[in-house]
Amino acid sequence: MFNKIIINDDYIISLCVILQCSYLIDKFSISNFETISDIEMLVKSVFITESMNTKKIYYDQTKLIDGLTVLKEILNGKNDMSLINIQKYTLSSIILQKKINKMNNLKNNIRKKIDNYHNNSIMSKNLSYQIEYSGQIYKEYVSPIKPRIIISGSREYLNKNSTLIRALLLCSIRAAFLWNELGGSKWHLMFKRNEILNKCERLFI
């Protein structure tokens, strides 16, 4: 089965997005991390439902440099506490995507919430509103799914950034849907490690 999967740019970009989200979740949970403008592309991707073009959805790939760096580190066997948490969040997002994909009613409810966004011209121009709305979608529809993703960090920053973290979890799951459509599997990170790493070295940044 793995031999039929093409590890192309789109595959790597969507995987880097999941890791980028996980990287940011880790940062926002442990520090006073101030890069709100850098997450705009990620948040907006949740509301792009009519395209499967990875390069159009994630139009500024320089914003994925941390995700790409983390991917290389993981594939090269680096293993520190921060990377452990990032991997945990990434794998949890992939698992949740698989579960949501089997729950048609849930998918339809989420899609209706996203359609409501498209009908609100004010929201589409306001990043803070988009973050709040994405966080609400995650809290209402995704958070109840077991097992829940447990975020490690400082209580101060977890409380301060709770909505932003939920929004990024939804962004990560959105990217996991795209990665799945492109043939992505968590097992590739073990069994196609060298092929993915080689593609990373020749890619977009």
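This is a predicted model: local features need pLDDT of at least 70, side-chain atom pairs count only at pLDDT 80 or more; totals for chains, interfaces and linings use all residues.
Figure 1. Glutamate 50, with a relative accessibility of 69%, is classed as exposed. The two residues form a salt bridge in which the closest N and O atoms are 2.9 Å apart. This pair links distant parts of the chain: arginine 111 belongs to helix H6, and glutamate 50 to the loop between H2 and helix H3 (54-57), with 61 residues separating them. Asp115 joins Glu50 and Arg111 in a network of salt bridges. Side chains of opposite charge can pair when their charged atoms come close.

**Figure 2. The salt bridge between lysine 72 and glutamate 201.** The side chains of these two residues meet in a salt bridge, with an N to O distance of 3.8 Å. Lysine 72 is located in helix H4 and glutamate 201 in helix H11, so the pair ties together parts that lie 129 residues apart in sequence. Lysine 72 has a relative accessible area of 24% and is partly exposed.

**Figure 3. The salt bridge between lysine 113 and glutamate 140.** The closest N and O atoms of glutamate 140 and lysine 113 are 3.9 Å apart, and the two residues form a salt bridge. Glutamate 140 in helix H7 and lysine 113 in helix H6 are 27 residues apart, and the pair links distant parts of the chain.

**Figure 4. The largest nonpolar core and the surroundings of tyrosine 58.** The largest nonpolar core has 66 residues, and those with the most contacts inside it are Tyr58, Leu71, Val142 and Ile196. The elements that give two or more residues to this core include helix H1 (9-30), helix H5 (81-101), helix H9 (162-181) and helix H11 (193-201). Helix H1 supplies the largest share of the core, 13 residues. When residues up to four places away in sequence are not counted, tyrosine 58 touches Ile13, Val17, Met41, Ser45, Leu64, Arg174, Ala175 and Leu178.

**Figure 5. A nonpolar patch on the surface around phenylalanine 191.** Trp187, Met190 and Phe191 form this surface patch, and together they have about 370 Å² of accessible area. Phenylalanine 191 is exposed, with a relative accessible area of 56%. Helix H10, which covers residues 188-191, contains phenylalanine 191.

**Figure 6. The protein chain as the setting of the close-up views.** The protein chain has 11 helices and 0 strands. Its radius of gyration is 16 Å, close to the 17 Å that the globule rule gives for 205 residues, so the protein chain is as compact as a globular protein of that length. Along the principal axes, the C-alpha trace spans about 45 × 35 × 35 Å. Buried residues account for 47% of the 205 residues. Of the contacts between residues at least 6 apart in sequence, 81% join residues at least 24 apart. The accessible surface of the protein chain is about 10400 Å², and 50% of it belongs to carbon and sulfur atoms.

Definitions and conventions
Residues are numbered from 1 along each chain as its sequence is written. Side-chain values use heavy atoms; hydrogens and water are left out. Patches are made of residues with over 30% relative accessible area and no salt bridge: like charges are joined within 9 Å, nonpolar side chains (Val, Leu, Ile, Met, Phe, Trp, Tyr) within 5 Å. Accessible areas come from the Shrake-Rupley method with a 1.4 Å probe; for residues, only the protein chains shown count as cover. A salt bridge is a side-chain nitrogen of Lys or Arg within 4 Å of a carboxyl oxygen of Asp or Glu. Helices (H or I, at least four residues) and strands (E, at least two) are DSSP runs, numbered from the N terminus. Buried means under 20% relative accessible area, exposed over 50%, partly exposed in between (1.4 Å probe, protein chains only). A nonpolar core is a set of buried Ala, Val, Leu, Ile, Met, Phe, Trp, Tyr and Cys residues joined through side-chain atoms within 4.5 Å. Contact means heavy atoms within 4.5 Å. The radius of gyration is taken over C-alpha atoms; the globule rule is 2.2 Å times the number of residues to the power 0.38.
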